[in-house]
Amino acid sequence: MFQEEIAQVVETLRSGWWGTGAKAHEFEAEFAKYIGCKHAIALNSATAGLHLALDVLGVRSGDEVITTPLTFVSTVNVIVHRGARPVFADVDPATWNIDPAEIEKKITPKTKVVIPVHLHGRPCDMAAITAVAKKYRLYVVEDAAHATEAWYKGQKIGSISDFTAFSFYATKNLATGEGGMLTTNNQPWAEEARIKSLHGISKDAWKRYSSAGFTPYEAIYAGYKYNMPDLTASLGLPQLKRLEKNLAIRRRYWKLMDRALSDIEEIGLPPDEEAGTVHARHLYAILLRLDRLKIPRNQFINALQTEGIGAGIHFEPVHLHKFYREKYGFKKGQFPNAEYIGERTVSLPFYPHMSEQDVNDVIEAVRKIVEYYRK
Ligand SMILES: *Cc1c(COP(=O)(O)O)cnc(C)c1O
């Protein structure tokens with residue numbers, strides 16, 4: 001397993017250049033080609049990408065940024081990092097993604113950016129979100145941490161909005177341990193994001209020692225340390241080549257799970273792929289009908305653990321986390337759809353390296369626990 005990754009990493013080690021250089025730039029070029037966007041900037045995380053996007057778009061204190069409560073905390077943390085105010089718009093219970101009509105209700109003269117999150121890899125309603133953004137002159141920054149392979153009606157995710165951030169964290173569909181990519185079609189923004197990703201200095205180290213001859217660097221922004229090293233890019237290049245093959249496996253396993261679980265009344269299935277879109281199928285999450293079960297969600301997850309099945313929660317709504325409750329006064333009841341899903345969702349193991357037998361084991365464990373604990 002991972003023979004190509006091992007070969008690439010060894011090649012990079014032997015080259016003597018372990019920082020950001022030729023491999024990172026090759027990965028950027030290949031990723032941009034895969035997405036069909038003009039610019040891709042390799043970073044050390046998706047969080048870095050979201051933060052840089054908000055920085056380049058000039059988000060600052062006094063601004064408001066609208067996003068979904070049903071996401072990983074980092075989507076919202078970056079808004080706070082800019083000194084701006086996070087504003088939540090509830091999700092659509094049918095799609096689990098941010099509801100464009102709710103976005104429109106939350107817009108004020110201070111609103112600057114909308115961050116849709118393609119939850120579990122299912123693309124958001126980008127036509128409606130883009131229309132609302134246009135109407136109120138807002139920027140759109142997509143959190144595509146789950147959605148590297150996704151398409152929305154003939155457009156690849158990553159080629160549509162002002163910026164899109166992808167994650168290559170260890171559990172993601174393209175996994176380099178840590179890593180991310182920021183895409184945009186805007187050349188000056190790409191240039192600024194790239195410079196800010198490496199301390200804000202005007203020439204990166206690779207170029208400073210290139211054949212063009214030595215030139216001293218100069219800080220033109222107070223930048224960050226967000227660049228991707230070549231060792232990471234060496235893992236990303238072969239992973240990128242396997243994405244579509246893995247998606248085909250995920251698609252097959254998704255159907256297997258759907259078919260096997262559809263007759264269990266105590267369980268709701270994840271929203272399916274919308275016509276004209278491609279679902280990246282990053283996570284397969286079921287909804288527990290808690291009114292029909294004798295145990296709460298966490299105990300259901302413990303019971304799965306006892307059966308040897310590791311499950312997770314994606315996500316507990318961000319507005320209910322301690323920091324957000326205390327700092328902004330968010331309360332339970334404010335975003336009922338996100339809360340309903342957040343209390344009931346269970347992500348089952350769902351990886352392309354699972355065998356069909358592994359998938360059946362997951363299905364059987366879920367069935368066994370439901371049968372034992374049904375009311
Ligand atoms: C994983 C994840 C992130 C953060 O990705 P990193 O690369 O770890 O920074 C952001 N948003 C969502 C929805 C995620 O799942």
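The largest cavity here has a volume of about 60 Å³. In this report a cavity is a set of points, on a 1 Å grid over the protein atoms alone, where a 1.4 Å probe fits but cannot get out. Points are joined across faces, edges and corners, and the volume is the space filled by probe spheres set on them. Searching the whole structure turns up 1 cavity of 30 Å³ or more.

This is a predicted model, where local features need pLDDT of at least 70 and side-chain atom pairs count only at pLDDT 80 or more, while totals for chains, interfaces and linings use all residues. Residues are numbered from 1 along each chain as its sequence is written, and side-chain values use heavy atoms, with hydrogens and water left out.

So who lines the cavity? By class, the cavity lining splits into 6 nonpolar, 3 polar and 1 charged. Here Ala, Val, Leu, Ile, Met, Phe, Trp, Tyr, Cys and Pro count as nonpolar, Asp, Glu, Lys and Arg as charged, and the others, Gly among them, as polar.

## The largest pocket

Now for the open kind of space: a pocket is an open set of grid points with protein on both sides within 12 Å along at least five of seven lines. The largest pocket holds about 520 Å³ of space. It is lined by 32 residues, and His 146, Tyr 169, Thr 171, Lys 172 and His 314 are the closest to its centre.

H3, H4 and strand S13 (345–348) each give two or more residues to this lining, with H3 supplying the largest share, 3 residues. Helices (H or I, at least four residues) and strands (E, at least two) are DSSP runs, numbered from the N terminus. The pocket lining has 14 nonpolar, 14 polar and 4 charged residues.

## The ligand

Where does the ligand sit? It is in the largest pocket, meaning that more than half of its atoms lie within 2 Å of the pocket's grid points. The shell around the ligand has 16 residues, and Thr 47, Asp 143, His 146, Ser 167 and Lys 172 come nearest; to be near, a residue needs a heavy atom within 4 Å. That shell divides into 6 nonpolar, 8 polar and 2 charged residues.

Taken alone, the ligand exposes 390 Å², and the protein buries 93% of that.

Most residues other than glycine have a negative phi, and most peptide bonds are trans. His 120, though, has a positive phi, near 65 degrees, and belongs to the loop between strand S4 (111–115) and helix H6 (126–136). The peptide bond from His 314 to Phe 315 is cis, with omega near 10 degrees.

Definitions and conventions: Areas by Shrake-Rupley, 256 points an atom, 1.4 Å probe, with all protein chains shown as cover. 1 Å grid on protein atoms, 1.4 Å probe; cavity = no way out; pocket = protein on both sides within 12 Å on 5 of 7 lines; lining within 4 Å.
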